Amino acid sequence: MAAWQCTQTLIQSKKAAQADLIPPAWRLASPTANTVLDVRFVPEASAILTPLELEITELGAADVGALLRKLASGEWSAVQVVTAYAKRAAVAHQVTNCLTEIFFDMGIEQAKELDRYFAEHGKPVGPLHGLPISLKDQFDVEGVECTMGYASWLGRFSSKDAVVVSILRSAGAVFYCKTNVPQTLMMGETSNHIFGTTSNPFNRSLSCGGSSGGEGALLGMKASPLGVGTDIGGSIRIPAACQGLYGLRPTMRRLPYYGTTNSMEGQEAIESVLGPISHSLAGCVAFTKAVLGGRPWELDPKTPEIPWNEDRFRLADLEGGGRKLCFGFMEWDGVVRPHPPVQRALREVKEALVQAGHSVIEWKPLNHDKAIEIISKLYSADGDADFTAVTKESGEPRVPGLVTMEGAGLSVYENWQLNKQRDDLRKAYLEKWMATASATGTGRPIDGVICPILPHAAPVHREFTYLNYSLFVNFYDLPSCVFPVTSVDPALDPVDSAYKPSNELDEINYKRYMPERYANAPICLQLIGRRFRDEQVLGLVDVVAAALGRK
């Protein structure tokens with residue numbers, strides 16, 4: 001207890017220092033009342049950003065590719081763009097509590113160097129020249145503190161860039177802030193003892209998701225054109241879905257994780273992956289191309305030598321982007337029925353794809369219950385040893401809602417047996433996928449599976465109870481990209497009063513649906529592909545976006 005009391009003093013000092021890093025001219029004239037739930041209007045209403053800065057940040061929210069072209073042509077300088085996003089991030093933090101580390105000055109100095117290079121050479125330094133990129137707190141940036149939401153790690157500064165940060169920096173990206181995460185990263189909510197809880201800018205009574213929730217909230221405020229998150233159970237895709245964004249969970253090890261701080265380091269049964277979150281699919285594509293273009297296999301021993309495959313992104317191996325595709329649709333997992341707006345999103349996507357000339361077939365879940373049982377045991381295999389070791393000195397308790405990993409733990413042999421079961425289930429899933437070739441009408445297996453990422457919109461804080469729509473993807477190690485579809489409309493999405501829940505979890509989810517509570521909250525779905533076909537997943541989402549009229 002005494003240790004925790006001392007740590008709380010350090011926390012207070014950290015929060016005060018963080019507040020001081022927002023320039024006085026970028027501070028809101030008065031706090032936004034707690035009763036104001038949708039705070040997306042605040043950056044413009046605050047008059048802190050100039051008209052040009054608002055134009056810059058609005059363009060980045062519409063199309064990262066267009067913003068990159070402005071930077072590459074020299075029409076907008078790196079300093080102009082980075083300053084615009086730094087100011088908007090400062091405002092965003094004041095209404096959502098989304099930031100952890102603020103280093104706006106460092107970002108602007110980096111932007112000045114890029115502008116000097118452009119003035120001297122007449123060309124950009126790389127494909128991401130001048131693009132501000134926000135980072136989930138766990139990504140190490142040389143000279144920047146990295147607590148990852150642990151009070152025990154206050155005062156822990158990174159001695160060098162993570163591999164992905166180094167690659168992005170070489171491509172011309174500029175870093176200006178890091179964003180909030182939950183304690184341990186193993187939580188659908190974003191909350192820790194240092195920085196507190198982050199809220200959803202669409203409705204601050206709702207969660208921003210987790211564990212890359214700070215990224216989700218920051219992008220939801222249009223205060224970053226492109227963020228980097230990680231995903232071990234949905235931690236990229238859930239925050240993307242809660243804020244109506246695109247988010248890619250790539251195949252395990254496809255992108256370089258080395259040098260990134262993490263919880264449960266050394267656990268390799270179900271590994272965390274890193275990936276982009278953006279307002280536009282173009283942002284996810286630009287990020288993935290730039291990282292793979294940096295030859296990460298020469299910097300991270302786990303990363304396979306698989307360069308970016310443009311033909312696969314253009315769907316050339318599916319007989320070209322203009323030919324008929326076939327998608328499997330999983331409308332629910334047989335356990336928790338999605339809320340009415342999620343069901344409507346599935347119908348709208350299905351109808352749009354059929355109208356565009358593609359076909360759809362039903363995809364039924366296979367062994368999801370067994371997959372979730374195994375993944376839960378693998379996550380807690382250490383019997384809470386990791387959490388105990390990290391928090392021993394500070395004495396910090398768990399934040400409310402954090403999944404407990406307590407128990408006896410698993411023996412090495414028990415862990416091996418679970419890994420074997422995992423591989424057997426992955427083999428069965430692949431066989432089921434490949435067997436669909438007889439039903440698609442294309443001569444190929446289904447090109448992708450479309451299904452919910454959550455059975456609801458962003459939930460009220462502390463009401464994340466069912467993550468299995470995201471977890472099964474990590475278990476089977478399939479690339480998946482979340483994409484926006486619609487938003488909750490009480491007139492279109494009334495409660496289905498005739499529905500009879502099939503189990504306790506289903507009943508909990510059903511009773512929590514109140515259309516007015518979630519009005520205007522974004523609704524996203526996910527598109528899942530086969531392992532190492534990450535570019536194809538992005539290409540297929542491009543097809544879906546076109547069918548929905550979002551291109």
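Okay, ground rules. It's a predicted model, where local features need pLDDT of at least 70, side-chain atom pairs count only at pLDDT 80 or more, and totals for chains, interfaces and linings use all residues. Residues are numbered from 1 along each chain as its sequence is written, and side-chain values use heavy atoms, with hydrogens and water left out.

Overall build, then. The protein has 18 helices and 15 strands; these are DSSP runs, helices being H or I of at least four residues and strands E of at least two, numbered from the N terminus. For 551 residues, a compact globule would come out near 24 Å in radius of gyration, and the protein's 22 Å agrees with that. That radius is taken over C-alpha atoms, and the globule rule is 2.2 Å times the number of residues to the power 0.38. The C-alpha atoms fill a box of roughly 60 × 60 × 50 Å along the principal axes. Of the 551 residues, 59% count as buried, meaning under 20% relative accessible area with a 1.4 Å probe and protein chains only. And of the contacts with a separation of 6 or more, 79% are between residues 24 or more positions apart, a contact being heavy atoms within 4.5 Å.

On to pockets. On a 1 Å grid over the protein atoms alone, a pocket is an open set of points where a 1.4 Å probe fits, with protein on both sides within 12 Å along at least five of seven lines, and lining residues have an atom within 4 Å of a point. Points join across faces, edges and corners, and the volume is the space filled by probe spheres set on them.

The largest pocket has about 750 Å³. It is lined by 35 residues, and A61, A62, Y246, H279 and S280 are the closest to its centre. Elements supplying at least two lining residues each include α3 (51–62), α10 (281–293) and α18 (534–547). What's the lining made of, by class? It divides into 15 nonpolar, eight polar and twelve charged. Here nonpolar is Ala, Val, Leu, Ile, Met, Phe, Trp, Tyr, Cys and Pro, charged is Asp, Glu, Lys and Arg, and the others, Gly among them, are polar.

The second largest pocket holds about 560 Å³. Of its 27 lining residues, M186, M187, V403, L467 and L471 are closest to the centre. α13 (368–379) and α16 (468–476) give two or more residues each, and α13 gives the most, with three. By class that lining has 13 nonpolar, eleven polar and three charged residues.

Next, the packing. The largest nonpolar core has 111 residues, with F104, L128, I133, L168, I450 and F483 touching the most other members. A core here is a set of buried Ala, Val, Leu, Ile, Met, Phe, Trp, Tyr and Cys residues joined through side-chain atoms within 4.5 Å. Helix α5 (residues 78–96) gives the most to this core, nine residues.

R249 sits in strand β9 (residues 246–249) and is buried, at 0% relative accessible area. Beyond four places in sequence, its contacts include D231, R237, D477 and S480. Q110 is in helix α6 (residues 104–121) and counts as buried at 12% relative accessibility. Beyond four places in sequence, Q110 touches R169, A173, V174 and F175.

Key
Buried < 20%, exposed > 50% of the residue type's maximum accessible area, 1.4 Å probe, protein only.
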